Amino acid sequence: MAKGFARVAGLVLAALLLCAFLLPVQVSAAEAPPEVSAEAYIVMDAATGQVLVAKNADAAKFPASITKIMTSALVLEYIDMATAAGEQATTSPAAVEALIHRATQISLAPGEACSVRDLLYATQIESANDAANVLAEHLSGSMDGFVQLMNEKARQLGLTGSHFVNPSGQPDEQHYVTAYDMAAITRWALTVEGFRELWGAGVYEAAPTNMRPAGRSFHTSNLIMVPQSGYYCEGATGSKSGYTDAAMYTLVTTAERGGTELICVSLANPYNGDKYTSTNALLDYCFGNFKRVTYPVAEMDEVQVPVYGGGAESIGEIDVYGSGEVEFLLHRSLGLGSVEVSYEVPESYVIGDEFAPAAALYLKDSPQQAGGLIATLPLQCRGLDQILAENTTAGMALARMAEEKPGRLWIGAVVILLLVAALIGRIAFVRHRREKRRRQRLAAAKAQLPVRIAPRPEPPQRRTVSRSTITTSRAGRPELRVVSRVETVDPRRVGRAR
């Protein structure tokens with residue numbers, strides 16, 4: 001009897017020990033990102049650009065037809081949907097001849113005229129390469145001119161890992177993107193007026209044309225947008241798929257749950273179904289394991305910065321501090337203790353120079369969440385007005401004049417006041433310029449990418465600079481001009497890419 005009881009007790013103890021060893025493994029596996037077939041992927045918060053999970057996100061990959069996200073959004077930047085409904089674009093022989101064998105198309109014929117709106121829906125829903133080519137020629141006069149606009153837009157967004165050769169995504173060794181860049185392009189596209197209407201469409205009826213009296217009907221084959229399919233993504237707000245032999249299967253999808261919208265880019269999936277399963281697994285993981293948290297910026301440590309007025313000695317110190325709070329997404333297994341603060345504050349401040357202190361929030365290395373920059377926050381400063389008031393050269397000169405030559409005090413006072421007014425005007429101008437630049441940086445951070453802090457400036461140099469600008473022709477279409485000239489370049493004013 002005792003032996004039987006001991007045997008039973010031993011089995012129970014062994015089972016408990018087995019559970020103790022297995023449970024932590026199961027919890028850890030649940031917290032880590034899922035294993036998917038995509039060679040490169042990323043999930044980004046559409047509101048802030050924060051990266052939640054990523055794999056090979058900076059590796060160059062062929063995009064295939066997800067290129068058309070850039071094409072459609074770029075067209076809508078110049079032609080709004082209301083205008084697009086009535087504006088006609090005529091198919092050129094070049095737009096048709098550029099198609100490769102078995103290219104996805106809606107069989108546009110040379111000379112066929114369609115509305116820009118119909119071509120946009122054909123590009124999105126049917127992934128029509130011929131429609132994308134016609135849109136490119138209509139906007140820029142040629143496909144090459146449109147490709148220049150595509151690459152210029154990528155540079156404006158601060159993206160360095162992508163390069164476009166055509167508007168449709170047809171295979172080319174020099175036509176590539178990264179998962180990060182594709183997510184950033186999609187995030188920008190969502191802000192373009194009219195794009196969301198196009199992005200979430202699944203069916204569309206195109207109007208008759210001069211060569212197609214019956215018109216055309218468009219129906220999406222992207223199963224992640226079809227509720228009846230087994231690949232449907234809950235809360236999907238839009239999606240674009242792509243395929244070539246070199247790119248394999250690619251997919252960009254946006255979905256919203258609980259007030260949070262995420263962008264998922266899945267590249268180089270081996271099989272058609274993989275692009276859906278990879279995307280669904282990543283979005284389900286992020287929606288289920290991330291929470292929105294509030295970081296108390298006002299509680300960060302203050303930093304003291306010495307102030308110089310042009311001399312060798314400091315004339316005082318200003319306090320640099322944070323204010324308010326910032327929201328971002330954090331894995332449920334992590335706390336605010338996982339967040340590190342890095343101050344981007346100059347060692348000193350010279351009156352009249354640009355002064356834009358900031359703090360960057362970083363995430364410590366974690367297998368659950370992609371590390372790196374979470375947010376960049378502008379910091380406030382106090383004490384500068386008092387330093388200026390106490391150390392104004394004009395104020396000290398007035399005091400000396402009152403002691404040495406009282407009879408000339410009033411004349412001197414007038415002169416000094418004029419000098420003070422000039423100094424105050426100069427300071428006000430510098431502050432206005434600095435505030436304008438600060439607002440531009442904040443606008444760029446909110447609308448596109450987190451603000452990046454440039455390294456310490458180098459001395460101005462004399463060099464040849466080539467600048468590309470987009471101008472508007474007499475026909476109202478964008479043109480890209482490249483101008484080269486020798487000038488003095490201040491490194492502080494040169495934008496730095498990510």
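**Notebook: helices, strands and rings in a predicted model**

I began with helix H2 and listed its buried residues: Lys68, Ile69, Met70, Thr71, Ser72, Ala73, Leu74, Val75 and Leu76. The helix covers residues 68–78, and nine of its 11 residues are buried. I note here that the model is a predicted one.

I then looked at helix H8, residues 179–189, where 11 of the 11 residues are buried. The buried set includes Asp181 and Arg187, along with Tyr180, Met182 and Trp188.

**Confidence**

I looked up the pLDDT before going further. The protein chain averages 82, and 73% of the residues score at least 70. Over residues 449–460 the value is below 50, although the model gives this stretch 30 contacts beyond near neighbours in sequence. I found a further stretch at residues 488–498, where pLDDT stays under 50 and the model has 25 contacts beyond four places in sequence. Where pLDDT is low, the predicted coordinates should not be read in detail. I left the contacts of both stretches at that.

Strand E7 spans residues 236–244 and runs antiparallel to E8, with eight bridges joining the two. They form a hairpin with three residues between them.

The hairpin of E8 and E9 has two residues between the strands, and in it Gly258 takes a positive phi near 60 degrees.

How many of the 10 residues of E8 are buried? I counted eight, so the strand, residues 248–257, is mostly covered.

**Aromatic rings**

I looked for aromatic pairs next, and the count comes to eight. One of them is Tyr204 with Phe218, a stacked pair with 6.0 Å from centre to centre and 20 degrees between the planes. Tyr204 lies in strand E5 (residues 203–206) and Phe218 in strand E6 (residues 216–219), so the pair links parts of the chain that are 14 residues apart. Both Tyr204 and Phe218 are buried.

Tyr285 and Phe290 make an edge-to-face pair, 6.2 Å centre to centre with 85 degrees between the planes. Why does Tyr285 count as buried? Its relative accessible area is 6%, and buried means under 20%. Phe290 counts as buried because its relative accessibility is also 6%.

I also noted a cluster: Tyr121, Tyr204 and Phe218 form one aromatic cluster.

**An open sheet and a charge over a ring**

My last entry is on a sheet of four strands. It is open, has mixed pairing and runs in the order E15-E11-E12-E18. Which strands are at the edges? They are E15 (349–350) and E18 (380–382), each of which pairs on one side only.

I checked how E18 is held to strand E12, residues 314–321, and found three bridges, with the two strands running antiparallel. Asp319 has Arg382 in E18 as its bridge partner. I then followed the side chain of Arg382: its charged end sits over the ring of Tyr321, 4.4 Å from the ring centre.

Note on methods:
Residues numbered from 1 in each chain as written. Predicted model: local features only at pLDDT ≥ 70, side-chain atom pairs only at ≥ 80, totals over all residues. Heavy atoms only, no water. Buried < 20%, exposed > 50% of the residue type's maximum accessible area, 1.4 Å probe, protein only. Pairing = 2+ DSSP bridges. pLDDT = per-residue confidence, 0-100. Contact = heavy atoms within 4.5 Å. Phe/Tyr/Trp six-rings, centres within 6.5 Å; stacked < 30°, edge-to-face > 60°. Lys NZ or Arg CZ within 6 Å of the ring centre and 35° of its normal.
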